[in-house]
Amino acid sequence: MAALSFSLTSLSKTPKFSPSKTPTTKSTILNLLPDKLLNLNKFSTISKPNSFSLTVTKPSKNSKPKSHFQPIRSLFTGIVEEMGKVQKLGDTKDGGVDLKIAAKTVLEGVNLGDSIAVNGTCLTVTDFTNQDFTVGLSPETLRKTSLIELKTGSLVNLERAVQPVSRMGGHFVQGHVDGTGVIVEKVPEGDSLWIKVKTEKGLLQYIVPKGFIAVDGASLTVVDVFEEEGCFNFMLVSYTQQKVVVPLKEVGQKVNLEVDILGKYVERLLSSRC
């Protein structure tokens with residue numbers, strides 16, 4: 001941090017202020033002021049000597065570098081609020097791809113720039129009406145997720161980002177899809193449904209029995225992990241089957257997967273100590 005010092009010329013016998021010997025300049029001082037105070041008209045004479053002088057010294061070479069940590073801007077719980085219906089998925093005039101979805105619940109209190117998880121993918125609202133909303137899809141999103149397979153009429157899981165007063169009914173879901181899996185088996189048992197998903201080994205290492213996983217944005221509990229098959233499974237009770245899109249998908253279709261972030265943090269901490 002810059003070191004600040006001042007002197008009151010009325011109370012001390014220090015030599016007269018010498019602008020040429022002091023590294024203080026108008027731009028240097030203004031850089032220290034909050035953005036809301038940067039009114040150049042008010043500070044037009046700030047570089048002139050007066051009874052209050054401000055000296056700015058450069059930080060030492062040993063100063064700690066500025067942190068590049070980027071805080072999580074949106075967070076979800078994996079508790080799907082409603083299923084929306086795709087109205088349009090196509091190219092824009094600017095060469096991008098837009099996804100338009102009909103919805104109701106997630107439109108309550110929506111604003112431009114808000115985050116909504118669509119099948120577990122955190123996307124930004126670029127336009128909306130009282131019946132639908134539009135989000136943009138980047139090339140990376142299309143490569144990393146199963147959203148490219150959506151068609152007009154497809155149902156998608158929707159969830160708004162949590163607020164400080166929201167209940168954490170599921171687990172911490174960032175909306176950052178880690179990859180996709182393929183449904184390889186669907187077996188009913190009573191009114192429940194077993195679903196087995198195959199995925200890559202890089203993701204399977206973070207999936208543990210009785211642990212959390214977000215499948216198309218829905219917070220689910222893993223039952224078993226089959227290492228040799230590269231699969232894991234979970235069971236959906238009757239109520240959940242009516243609220244999420246996974247049961248509507250057929251064997252062979254893709255689902256978005258986001259593993260529990262806590263596993264990644266633990267791995268990172270352990271590897272950094274080796």
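Here is a short tour, stop by stop, of a predicted model.

**Stop 1: the core.** Select Ile-195, Val-197, Ile-207, Val-215, Phe-232, Phe-234 and Leu-257. These touch the most other members of the largest nonpolar core, which has 23 residues. To see where the core comes from, colour strands E10 (192-198), E11 (212-215), E12 (218-221), E14 (231-236) and E15 (254-259), plus helix H3 (201-204); each of these elements gives two or more residues to it. A separate core of 20 residues lies apart from this one, and Val-97, Val-118, Phe-133 and Leu-142 are among its members.

**Stop 2: Phe-232.** Zoom in on this side chain. Is Phe-232 buried or exposed? Its relative accessibility is 0%, so Phe-232 counts as buried. Now show what surrounds the residue: beyond its neighbours within four places in sequence, Phe-232 is in contact with Ile-195, Lys-196, Val-197, Thr-199, Leu-204, Ile-207, Ile-213, Val-222, Asp-224, Val-225, Phe-226 and Leu-257.

**Stop 3: a ring pair.** Phe-234 counts as buried because its relative accessibility is 1%. The count of aromatic pairs comes to one, and you are looking at it: Phe-232 and Phe-234 are tilted, with 6.2 Å centre to centre and 35 degrees between the planes.

**Stop 4: strand E14 and its partners.** On one pairing, E10 runs antiparallel to E14, joined by six bridges, and Val-197 stands opposite Phe-232. Strand E13 (residues 224-226) also pairs with E14 in the antiparallel sense, over three bridges. Look for Asp-224 here, whose bridge partner in E14 is Asn-233. The hairpin of E13 and E14 has four residues between the strands, and Gly-230 takes a positive phi near 70 degrees.

**Stop 5: a charge over a ring.** Pick Lys-196 and Phe-226, both on the contact list of Phe-232. The charged end of Lys-196 sits over the Phe-226 ring, 4.3 Å from its centre.

**Stop 6: the barrel.** Now hide all that and show E3, E4, E7, E6, E5 and E8. In the order E3-E4-E7-E6-E5-E8, these six strands close into a barrel with antiparallel pairing. On average, neighbouring strands of this sheet are turned by 45 degrees against each other, direction ignored. Finish on Asp-127, which stands opposite Thr-134 in E7.

Definitions and conventions:
Residues numbered from 1 in each chain as written. Predicted model: local features only at pLDDT ≥ 70, side-chain atom pairs only at ≥ 80, totals over all residues. Heavy atoms only, no water. Core = buried A, V, L, I, M, F, W, Y, C linked by side-chain atoms within 4.5 Å. Buried < 20%, exposed > 50% of the residue type's maximum accessible area, 1.4 Å probe, protein only. Contact = heavy atoms within 4.5 Å. Pairing = 2+ DSSP bridges. Phe/Tyr/Trp six-rings, centres within 6.5 Å; stacked < 30°, edge-to-face > 60°. Lys NZ or Arg CZ within 6 Å of the ring centre and 35° of its normal. Axes fitted to C-alpha atoms, helices over the stretch in contact; angles between N-to-C directions.
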